[in-house]
Amino acid sequence: MNGQWLMMLLVSLMTFQFLSFKALANPVHQGDPERGKTLAEVRCAVCHHLEHGVVKVGPGLKGIFNRPPSISGVPFERWDSHALDRWLLHPRKIKPNTRMIYPGLASERDRRDVIAYLRTLQ
Ligand code: HEC
């Protein structure tokens with residue numbers, strides 16, 4: 001192996017390391033609030049105000065993250081990531097007679113991003 005090849009090998013190894021470091025620094029499970037905002041505007045805003053707490057069809061979602069539910073019949077103390085994830089996956093399964101007539105967000109990535117966005121609505 002001559003010096004040039006060795007150099008190329010080194011450079012590509014370093015690039016690979018850099019990329020995997022970036023991936024670690026920004027783990028997917030944190031969610032993307034920007035993407036979540038777009039999703040929420042399309043999927044939730046028909047029924048929920050996002051920027052304030054006033055009731056539309058459902059309660060306003062400003063400040064929802066980590067707040068106790070304002071609705072009855074859900075088995076959660078507060079709307080943390082876990083509770084929101086379960087609710088958004090399948091509201092009816094959590095509360096069979098819920099007025100939130102919504103099939104649920106089936107994609108885990110969509111739920112994660114919407115929740116990351118809800119977190120920002122303080
Ligand atoms: C078709 C209308 C509709 C859509 C679409 C909808 N919701 Fe709801 N949502 C409701 C209603 C109505 C309630 C109250 C449910 C109840 O009292 O059982 C509710 C309740 C909630 C609650 C509980 C609020 C609280 O104060 O405890 C959360 C959180 C929530 N929705 C989030 C969302 C998110 C996020 C989306 C979008 C992915 C969404 N909803 C889409 C109508 C809707």
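**Exercise 1.** Which helices each supply at least two residues of the shell around the ligand?

*Solution.* The model is a predicted one. Begin with the helices: the protein chain has five of them and zero strands. From the N terminus on, the order of elements reads α-α-α-α-α. At least two shell residues come from α2 (33-43), and at least two come from α3.

**Exercise 2.** Describe the shell around the ligand by class of residue, and name the residues that come nearest.

*Solution.* Sort the shell by class: 18 residues are nonpolar, four are polar and three are charged. Then turn to distance. There are 25 residues around the ligand, and those that come nearest are Cys44, Cys47, Gly58, Ser70 and Met100.

**Exercise 3.** Find the buried residues of helix α3 (residues 81-89) and explain why they lie on the same side of α3.

*Solution.* Step one is to list them: Leu84, Trp87 and Leu88 are the buried residues of α3. Step two is to look along the axis: they cover an arc of only 90° around it, so they sit on the same side of α3. Step three is the general rule: an α-helix has 3.6 residues a turn, so residues three or four places apart point the same way. Step four is to ask what this side meets: the buried residues of α3 pack against α4 (91-94) and α5 (108-120).

**Exercise 4.** State what percentage of the protein chain counts as buried, and what percentage of its contacts join residues at least 24 apart.

*Solution.* The protein chain has 122 residues, of which 18% count as buried. For contacts, take those between residues at least 6 apart in sequence; 43% of these join residues at least 24 apart.

Conventions:
Residues are numbered from 1 along each chain as its sequence is written. This is a predicted model: local features need pLDDT of at least 70, side-chain atom pairs count only at pLDDT 80 or more; totals for chains, interfaces and linings use all residues. Helices (H or I, at least four residues) and strands (E, at least two) are DSSP runs, numbered from the N terminus. A residue is buried if 20 or more other C-beta atoms lie within 10 Å of its own, exposed if 12 or fewer, and partly exposed in between; C-beta atoms are placed from the backbone. Two residues are in contact if their C-beta atoms, placed from the backbone, lie within 7 Å. The arc is that of the directions from the helix axis to the C-beta atoms. A residue is near a molecule or strand if its C-beta atom, placed from the backbone, lies within 6 Å of it. Ala, Val, Leu, Ile, Met, Phe, Trp, Tyr, Cys and Pro count as nonpolar, Asp, Glu, Lys and Arg as charged, and the others, Gly among them, as polar.
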